[in-house]
Amino acid sequence: MHLIEKAEEDNRTVITEFILLGFGDLPELQILLFLVFLVIYIVTMSGNILIIALVVADQHLHTPMYFFLGNLSCLETCYTSAILPRMLASLLTGDRTISVSGCFAQLYCFGFLAATECYLLAAMSYDRYLAIWKPLHYAALMNSRLCLQLAGGSWISGFLTCVIMMCFMSQLTFCGPSEIDHFFCDFSPMLKFSCSDTSTMTLVAFILTSLDSPCPFLLTVTSYVCIIATILRIPSTTGRQKAFSTCSSHLIVVTVFYGSLMTVYLLPKTNKQIALNKVFSVFYTVLTPLVNPLIYSLRNKEVKEALRKVIS
């Protein structure tokens, strides 16, 4: 109540909804964008659900690698559903408003799933490292208990991080103007409209993001440095190619995800960069969930074999 009164004294209106501008600056392309994103959404959902079904149904895919892949596909299904349906409705109807509580819900889902993906990709890279570093002891080292601990730890870490973040975020009051130049509710654009003191929120966000992104990223990079070093020590060319093929799909996914993430959040926010941020945000929120099933299915013999069995 005190914050509302303070905001009114400063001649600022406390807002109850935001306007997500999205791609509203391209009115002539709204229908085309709607159709493109609709096709992407359908293909993304179908591809990831298919991978989950194959991993569950095919006994040959009941291995640690495919257990993590099934978790990743489940995550990507939720991830794309947190953002694309709202954007599709906006492109179709032209209604770009979203309530503050709705924005919080979208921000929570996005943050929770993005943080979980960072940890899950690190777990998958560690799995590939063990498979290449100690192939004879791999089954004993990466047992079902460790798989469950790594996957469960990834989901719980992402969940707890966002719960803490949203507890602090919910204490803020937001004032006009209410236009967010983005196609979904992201942390930084929302924080700009707060008329409360955001110093504590900024500090908490810095601490949590320092744990959630750099730590899994460094673990992933370390795993791949060790993987490459191990592969280079393999004497035969055929052996090196076979070893690298087991982790090449995951390496492509990691590169696309972290590459677009760093471009959006680490580069300086010039006017031109802010405009490009929306484009790069499409990569890790929309295109990464789309290409993951394609990369893993097209570059993976076991998945293609399981798919062939289902079709036949």
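**Ground rules.** I took helices as DSSP runs of H or I of at least four residues and strands as runs of E of at least two, numbered from the N terminus. For a helix, I set the expected span at 1.5 Å times one less than its number of residues. I am working from a predicted model, where local features need pLDDT of at least 70 and side-chain atom pairs count only at pLDDT 80 or more, while totals for chains, interfaces and linings use all residues. Residues are numbered from 1 along each chain as its sequence is written, and side-chain values use heavy atoms, with hydrogens and water left out.

**Helix α3.** I checked the length of α3, residues 64-81: its 18 residues should span 26 Å at 1.5 Å a residue, and the end C-alpha atoms are 26 Å apart, which agrees. For exposure I used relative accessible area with a 1.4 Å probe on protein chains only: buried is under 20%, exposed is over 50%, and partly exposed is in between. In α3, 14 of the 18 residues are buried, so the helix is largely enclosed by the rest of the structure.

**Helix α4.** In α4 (residues 84-93) I found L84, R86, M87, L88, S90 and L91 buried. Just after α4, G94 takes a positive phi of about 85 degrees.

**Pockets.** I searched a 1 Å grid over the protein atoms alone: a cavity is a set of points where a 1.4 Å probe fits but cannot get out, a pocket is an open set with protein on both sides within 12 Å along at least five of seven lines, and lining residues have an atom within 4 Å of a point. Points are joined across faces, edges and corners, and a volume is the space filled by probe spheres set on them. The largest pocket holds about 890 Å³. It is lined by 31 residues, with A205, T209, S213, L261 and Y265 the closest to its centre. Helix α9 gives the most to this lining, seven residues. I sorted residues by class: Ala, Val, Leu, Ile, Met, Phe, Trp, Tyr, Cys and Pro as nonpolar, Asp, Glu, Lys and Arg as charged, and the others, Gly among them, as polar. The largest pocket's lining came out as 21 nonpolar, seven polar and three charged.

The second largest pocket holds about 570 Å³. Of its 19 lining residues, R128, K242, S245, T246 and E302 are the closest to the centre. Its lining has eight nonpolar, five polar and six charged residues.

**Cavities.** I counted two cavities of 30 Å³ or more. The largest is about 80 Å³; among its 13 lining residues, L20, G22, M87, S90 and F183 are the closest to its centre. Helix α4 supplies the largest share of that lining, four residues. The second largest cavity is about 60 Å³, and M65, F68, L69, M124, D127, R128, T246, H250 and Y296 line it.

**Salt bridges.** Which residues pair up? I required a side-chain nitrogen of Lys or Arg within 4 Å of a carboxyl oxygen of Asp or Glu, and the structure holds two such bridges. D127 and R128 meet at 3.0 Å, N to O, and both are buried. E305 and R308 meet at 2.6 Å, N to O; both lie in helix α13, three residues apart, about one turn. E305 is partly exposed at 37% relative accessible area, and R308 is partly exposed at 48%.
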